Amino acid sequence: MPSFKIETPSLSHLSHEDYINVYEPAEDSFLLLDALEDDLELLQQRRPVLCLEVGSGSGVVTTAIARTLGAEVFCLAIDINQAACSATNCTAKENGVKVDVINGDLVTPLRGVCAVDLLVFNPPYVPTPHCEVITSLEEPLTRAWAGGERGREVMDRLFPLLPEVLAPQGLFYMVAIENNDVPQIREVLSALGFQSHVVKQRRVRGEHLVVLRCQKHSDSLE
Amino acid sequence: MKLLTHNMLTSKCMKGVTVGYPLGIVAKDIKVSETEFNSEFVSRIIPKLDWNALWKAADSIGHSGDLPQQLMEDYENNEEFLKKVHHVLLEVEIINGELVCPESGRKFPISQGIPNMLLNEDEL
């Protein structure tokens, strides 16, 4: 039976101490979940079998997807932060779903065989000096939000890898903020073969958050 | 790490590695569990797999069971076959061990079911 809602998974197993090293779900995380919920009918029509979250953090989004889509989908999560990998593992377990977690950088550990049907990404998008992206290699939590120049340094590394990872009818959802220059992001994606739409937006405390939904040019939404 | 995940992994991002696939498996702790079988899911994931690599990986850790080495035709309608595939893909987990790059021999540790595919600066 199709679901109409995405329930927010329980995070009660994670404490203040965990959130020293792992990104605590915030408005950006929930906006992504809301965008996926809005598209639930579309997702259920598409029937993804392989889902990937890049930068899963606490695991809240991957777990929500796994719970909602159930045994019809295999969920993979990747995070560069080892603490986030453990947290994702725990969150999945505490919420009764199975997710495989990989400690890795973006999609680099994955074969480029266009296998991913649903890819979600809440990137480090906050504009910071470039050096903060480098030094944050030692600080797991900073790495979760420090996006460097125009907040684009991490997401710009993912985009060129997408064509070989996303399935022909795959969907890619990403969180960004207005300061990341969303129109230019869309241009970059278009040049790589993707059409994109802002499917959700929210103004939160000085940040204008958006969720972009992307699919290959060759794919129509019907 | 399930064998489905293993089928998707590569060490190709390493400097000097051309293919980086399939990764060898050294399994120290394996967990076998029962998970919900969904025939649609299995039918639809098969085209995304490297079948040969799947069979070899399962065989290398002694869990290929009676999974055929060749992918049979018309598998979508063969529930018995799909169940065997389901078992190998989703019910066998490497909890602790290592993945091994087939070209460089570089080892990637697996701990608590999580493979660490991060590379050092000098390997990029």
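This is a predicted model: local features need pLDDT of at least 70, side-chain atom pairs count only at pLDDT 80 or more; totals for chains, interfaces and linings use all residues.
Residues are numbered from 1 along each chain as its sequence is written, chains are lettered from A in the order in which they are written, and side-chain values use heavy atoms, with hydrogens and water left out.

Let us begin with the interface. Chain B brings 29 residues to the contact and chain A brings 28 residues, where contact means heavy atoms within 4.5 Å. Together the two chains bury about 2500 Å², and 59% of this lies on carbon and sulfur atoms; buried area is the accessible area (1.4 Å probe) that two parts lose on being put together, summed over both. Met8(B), Lys48(B) and Ile114(B) account for 24% of the area that chain B buries against chain A, more than any other three residues.

Charged side chains also take part. A salt bridge is a side-chain nitrogen of Lys or Arg within 4 Å of a carboxyl oxygen of Asp or Glu. The whole structure holds 21 salt bridges over all chains, and 4 salt bridges are found across the interface of chain B and chain A. One salt bridge links Lys98(A) with Glu93(B) (3.8 Å, N to O). Another links Arg47(A) with Glu40(B) (3.6 Å, N to O). Because Arg47(A) lies in the loop between helix H2 (40–46) and strand S1 (50–54) of chain A, and Glu40(B) in helix H2 of chain B, this pair joins two chains. Here helices (H or I, at least four residues) and strands (E, at least two) are DSSP runs, numbered from the N terminus.

Chain B also contains an open sheet of 4 strands in the order S1-S2-S3-S4, with antiparallel pairing; two strands pair if DSSP finds at least two bridges between them. Strand S1 (24–32) and S4 of chain B are the edge strands, each pairing on one side only. Strands S2 (residues 92–100) and S3 (residues 107–111) of chain B pair over 4 bridges, and Gly97(B) has Ile110(B) in S3(B) as its bridge partner.

Finally, the UniProt annotation "domain: Methyltransferase small", from an unreviewed entry, covers residues 43–126 of chain A; positions follow the numbering used here, feature names are shortened, and annotations may be inferred rather than shown by experiment. Over residues 43–126 chain A is 32% helix and 26% strand, with the end C-alpha atoms 29 Å apart.
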